[in-house]
Amino acid sequence: GLAGALVIIGVILMGAAVLEMNKSRTTIIPHRQPQALVVSGIFRFSRNPIYLGDFLVLSGAIIFLGAPLAVPLLWVFKWVIEKRFILKEEDRLRAGFGDEFERWAKITRRWL
């Protein structure tokens, strides 16, 4: 059903992102300085496909568990991920790749 589809899509997004980052020989670990700005593959559609995948897996779990009262947690999750990880990662990318990052950020959305 929908829950399974969301989980599968989320895992595929995460896997595609990891493969693309490995191909570019850069870290997938948050809070580390990336060695490359990855703008190919799944990163043409989302600047944060791993976090998007996490969001989809969490959405699928909420549906699977029949826990509609947990839906607001999705937005809490999104907020925490942006504040705790994404904004800091963007600062590192901006510092390391400057105009190249800015060009990519203008044409590629943060989530989807």
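Reply: Arg-25 is exposed, with a relative accessible area of 73%, where buried means under 20% relative accessible area, exposed over 50% and partly exposed in between, using a 1.4 Å probe and protein chains only. This is a predicted model, in which local features need pLDDT of at least 70, side-chain atom pairs count only at pLDDT 80 or more, and totals for chains, interfaces and linings use all residues. Residues are numbered from 1 along each chain as its sequence is written, and side-chain values use heavy atoms, leaving out hydrogens and water.

Arg-25 sits in the loop between H1 and H2, helices being DSSP runs of H or I with at least four residues, numbered from the N terminus. Its phi is near 55 degrees, a positive value in a residue other than glycine. Most residues other than glycine have a negative phi. His-31 also lies in the loop between H1 and H2, and its phi is positive too, at about 75 degrees, although it is not a glycine. At 36% relative accessibility, His-31 counts as partly exposed.

The axes of helix H1 (residues 2-23) and helix H2 (residues 49-64) come within 7 Å and cross at roughly 160 degrees; axes are lines fitted to C-alpha atoms over the stretch in contact, and angles run from 0 to 180 degrees between N-to-C directions. H1 and H2 are therefore roughly antiparallel to each other, a label for angles over 145 degrees.

Conventions. Helices (H or I, at least four residues) and strands (E, at least two) are DSSP runs, numbered from the N terminus. Angles under 35 degrees count as roughly parallel, over 145 as roughly antiparallel, 65 to 115 as roughly perpendicular and the rest as oblique.
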